[in-house]
Amino acid sequence: GKGVLLPEGTELQVDYSGIRSFGHVVGGKLKFGDMEYNSPSRAVNGVVAEHRGNRVSTNGWKHLYVKRPSDLDWLLADELRTKSRFRS
(Lines give C-alpha, C1' and ligand atoms only; values in the text may rest on other atoms or scores of the structure.)
Protein backbone atom coordinates (compact mmCIF):
# COMPACT_ATOMS: atom_id res chain seq x y z
CA GLY A 1 0.00 0.00 0.00
CA LYS A 2 0.84 3.70 -0.26
CA GLY A 3 3.01 3.00 -3.31
CA VAL A 4 5.24 0.50 -1.49
CA LEU A 5 5.61 -2.93 -3.07
CA LEU A 6 6.53 -5.76 -0.71
CA PRO A 7 7.09 -8.85 -2.84
CA GLU A 8 6.53 -12.43 -1.78
CA GLY A 9 9.28 -13.54 0.59
CA THR A 10 9.90 -10.10 2.09
CA GLU A 11 11.02 -10.50 5.70
CA LEU A 12 9.22 -8.36 8.31
CA GLN A 13 10.20 -7.17 11.75
CA VAL A 14 8.01 -5.31 14.24
CA ASP A 15 9.98 -3.26 16.75
CA TYR A 16 7.71 -1.47 19.20
CA SER A 17 8.44 -0.48 22.81
CA GLY A 18 10.51 -3.54 23.65
CA ILE A 19 8.46 -5.93 21.53
CA ARG A 20 10.20 -7.54 18.59
CA SER A 21 8.48 -10.02 16.31
CA PHE A 22 9.40 -11.46 12.93
CA GLY A 23 7.19 -12.36 9.98
CA HIS A 24 7.12 -12.39 6.20
CA VAL A 25 4.95 -11.55 3.19
CA VAL A 26 2.80 -14.44 1.96
CA GLY A 27 0.16 -14.07 -0.73
CA GLY A 28 0.25 -10.29 -0.47
CA LYS A 29 -0.39 -10.36 3.30
CA LEU A 30 1.86 -9.45 6.22
CA LYS A 31 2.06 -12.69 8.20
CA PHE A 32 3.17 -12.97 11.82
CA GLY A 33 2.68 -16.44 13.27
CA ASP A 34 -0.83 -17.58 12.37
CA MET A 35 -2.12 -14.05 11.83
CA GLU A 36 -2.28 -12.21 8.49
CA TYR A 37 -2.72 -8.47 8.07
CA ASN A 38 -3.46 -6.12 5.16
CA SER A 39 -1.47 -3.11 6.33
CA PRO A 40 1.58 -2.19 8.42
CA SER A 41 -0.55 -0.49 11.08
CA ARG A 42 -2.85 -3.48 11.49
CA ALA A 43 0.16 -5.79 11.65
CA VAL A 44 2.00 -3.79 14.31
CA ASN A 45 -1.14 -3.19 16.37
CA GLY A 46 -2.03 -6.89 16.14
CA VAL A 47 1.45 -8.08 17.13
CA VAL A 48 1.57 -5.67 20.07
CA ALA A 49 -1.91 -6.70 21.24
CA GLU A 50 -0.90 -10.36 21.07
CA HIS A 51 2.21 -9.76 23.22
CA ARG A 52 0.71 -7.31 25.72
CA GLY A 53 -2.84 -8.55 25.86
CA ASN A 54 -4.23 -5.08 25.20
CA ARG A 55 -4.88 -3.09 22.06
CA VAL A 56 -2.82 -0.12 20.89
CA SER A 57 -3.32 2.28 18.03
CA THR A 58 -0.05 3.30 16.43
CA ASN A 59 1.28 4.16 13.01
CA GLY A 60 2.69 0.81 11.95
CA TRP A 61 4.79 2.37 9.17
CA LYS A 62 7.05 3.76 11.91
CA HIS A 63 7.51 0.40 13.69
CA LEU A 64 7.73 -2.08 10.82
CA TYR A 65 11.06 -2.94 9.22
CA VAL A 66 11.24 -4.81 5.94
CA LYS A 67 13.92 -6.71 4.08
CA ARG A 68 12.82 -7.43 0.53
CA PRO A 69 14.57 -10.26 -1.33
CA SER A 70 16.70 -7.66 -3.17
CA ASP A 71 17.66 -5.70 0.00
CA LEU A 72 20.91 -6.17 1.90
CA ASP A 73 19.71 -4.41 5.06
CA TRP A 74 16.51 -3.84 7.00
CA LEU A 75 14.60 -0.71 5.98
CA LEU A 76 11.94 1.16 7.94
CA ALA A 77 8.65 0.88 6.05
CA ASP A 78 8.02 4.60 6.55
CA GLU A 79 11.26 5.40 4.69
CA LEU A 80 10.09 3.29 1.74
CA ARG A 81 6.76 5.12 1.75
CA THR A 82 8.51 8.51 1.78
CA LYS A 83 10.79 7.52 -1.13
CA SER A 84 7.75 6.28 -3.06
CA ARG A 85 6.10 9.72 -2.72
CA PHE A 86 9.13 11.48 -4.19
CA ARG A 87 9.18 9.16 -7.24
CA SER A 88 5.48 9.69 -7.99
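Let me begin with the basis. The structure is a predicted model, in which local features need pLDDT of at least 70 and side-chain atom pairs count only at pLDDT 80 or more, while totals for chains, interfaces and linings use all residues. Residues are numbered from 1 along each chain as its sequence is written, and side-chain values use heavy atoms, with hydrogens and water left out.

I turn to the overall architecture. The protein chain contains 2 helices and 6 strands; here helices (H or I, at least four residues) and strands (E, at least two) are DSSP runs, numbered from the N terminus. Along the sequence, these elements follow the pattern β-β-β-β-α-β-β-α. Of the 88 residues in the protein chain, 40% are buried. By buried I mean under 20% relative accessible area, with exposed over 50% and partly exposed in between (1.4 Å probe, protein chains only). The accessible surface of the chain is about 5,500 Å², and 48% of that belongs to carbon and sulfur atoms; these areas come from the Shrake-Rupley method with a 1.4 Å probe, and for residues only the protein chains shown count as cover. A contact is defined as heavy atoms within 4.5 Å. Among contacts between residues at least 6 apart in sequence, 40% join residues at least 24 apart.

Next, the sheet. What is the order of the strands in the open sheet? The order is β4-β3-β2-β1-β5-β6, with antiparallel pairing. The edge strands, each pairing on one side only, are β4 (35-37) and β6 (75-76). Helix α1 (residues 40-52) packs on the sheet and touches β1 (11-16), β2 (19-26), β3, β4 and β5 (64-67); the direction of α1 makes about 135° with that of β2. For that angle, axes are lines fitted to C-alpha atoms, for helices over the stretch in contact, and angles run from 0 to 180 degrees between N-to-C directions.

I shall now take the pairings in turn, where two strands pair if DSSP finds at least two bridges between them. Strand β3 (residues 29-32) and β4 are antiparallel, with 3 bridges, and Leu30 lies opposite Tyr37 in β4. Between β1 and β2 there are 6 bridges, also in the antiparallel sense. The hairpin of these two strands has 2 residues between them, and in it Ser17 adopts a positive phi near 45°. β1 is joined to β5 by 4 bridges, again antiparallel. Glu11 stands opposite His24 in β2 and opposite Lys67 in β5, while Gln13 has Tyr65 as its bridge partner in β5. Finally, β5 and β6 pair antiparallel over 2 bridges, with Val66 opposite Leu75 in β6.

A nonpolar core is a set of buried Ala, Val, Leu, Ile, Met, Phe, Trp, Tyr and Cys residues joined through side-chain atoms within 4.5 Å. The largest such core has 19 residues, of which Leu12, Val14, Leu30, Phe32, Val48 and Leu64 touch the most other members. At least two residues of this core come from each of β1, β2, β3, α1, β5 and α2, and α1 gives the largest share, 4 residues. Beyond its neighbours within four places in sequence, Leu64 has contacts that include Leu12, Val14, Leu30, Phe32, Val44 and Leu75.

I close with the charged pairs. A salt bridge requires a side-chain nitrogen of Lys or Arg within 4 Å of a carboxyl oxygen of Asp or Glu, and the count is 5. Lys31 and Glu36 form one, with the closest N and O atoms 3.9 Å apart; Lys31 is partly exposed at 23% relative accessibility, as Glu36 is at 43%. In the pair Asp71 and Arg68 the closest N and O atoms are 2.8 Å apart; Asp71 is buried at 14%, and Arg68 is partly exposed at 22%.

Arg81 and Asp78 meet at 2.6 Å, N to O. These two residues are 3 apart in helix α2 (residues 77-87), and are therefore separated by about one helical turn. Arg81 is buried at 9%, and Asp78 is buried at 13%. Lys62 joins Asp78 and Arg81 in a network of salt bridges.
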